[in-house]
Amino acid sequence: MIVEVVTGADEHPEARVVDVDDLGRLHLALGVVTDEEAAQALERAGLGRLQDADTAFLDVAALRAAAEPRATAEDWVTRWDAMVASARAKGWLSADGSALQVHVESAAGA
């Protein structure tokens, strides 16, 4: 699963969740946007926050709410739960379970 922040149709950056059935990976992909624009787009969408150029925290409930309705895999919920459990085991889940720490990557071609 990827959360992308890219320039939208009105040239305003927007955040969107893509590849919702691929729960073997999760990261934030930034198109041609500044860190400030990315942070604003994430917060506006309610998906999380940008910590720095390399790290973001994504809201678990908001991410699931954005992805699950579009999921097509029959075992999506089971795989989602496994992804969150794996993140917890690796120390990538906040203590209260509300945020996933993810890497920031470039999606300049998006």
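A salt bridge is a side-chain nitrogen of Lys or Arg within 4 Å of a carboxyl oxygen of Asp or Glu. I kept that in mind while reading this predicted model.

**Entry: R64 and E68.** I looked up this pair and found that their side chains meet in a salt bridge, with 3.0 Å from N to O. R64 has 24% relative accessibility, so R64 counts as partly exposed. E68 counts as partly exposed too, because its value is 32%.

**Entry: the whole structure.** How many salt bridges does a search of the whole structure find? I noted six.

**Entry: E4 and R16.** E4 forms a salt bridge with R16, and the closest N and O atoms are 2.7 Å apart. This pair links distant parts of the chain, 12 residues apart. E4 sits in strand β1 (residues 2–7), and R16 sits in strand β2 (residues 13–18). Is E4 buried or exposed? E4 is buried, because its relative accessibility is 12% and the cut-off for buried is under 20%. R16 is at 34%, so I wrote it down as partly exposed.

**Entry: D75 and R79.** I found a salt bridge here as well, at 3.4 Å from N to O. D75 is partly exposed at 38% relative accessibility. R79 is partly exposed at 26%.

**Entry: a network.** I then turned to D19, D22 and R25, which are linked in a network of salt bridges.

**Entry: T55.** I placed T55 in strand β5 (residues 55–59). T55 counts as buried, because its relative accessibility is 13%. Which residues does T55 contact, leaving aside its neighbours within four places in sequence? I listed L50, Q101, V102 and V104.

Definitions and conventions. Residues numbered from 1 in each chain as written. Predicted model: local features only at pLDDT ≥ 70, side-chain atom pairs only at ≥ 80, totals over all residues. Heavy atoms only, no water. Helix = DSSP H or I, 4+ residues; strand = E, 2+ residues; numbered from the N terminus. Buried < 20%, exposed > 50% of the residue type's maximum accessible area, 1.4 Å probe, protein only. Contact = heavy atoms within 4.5 Å.
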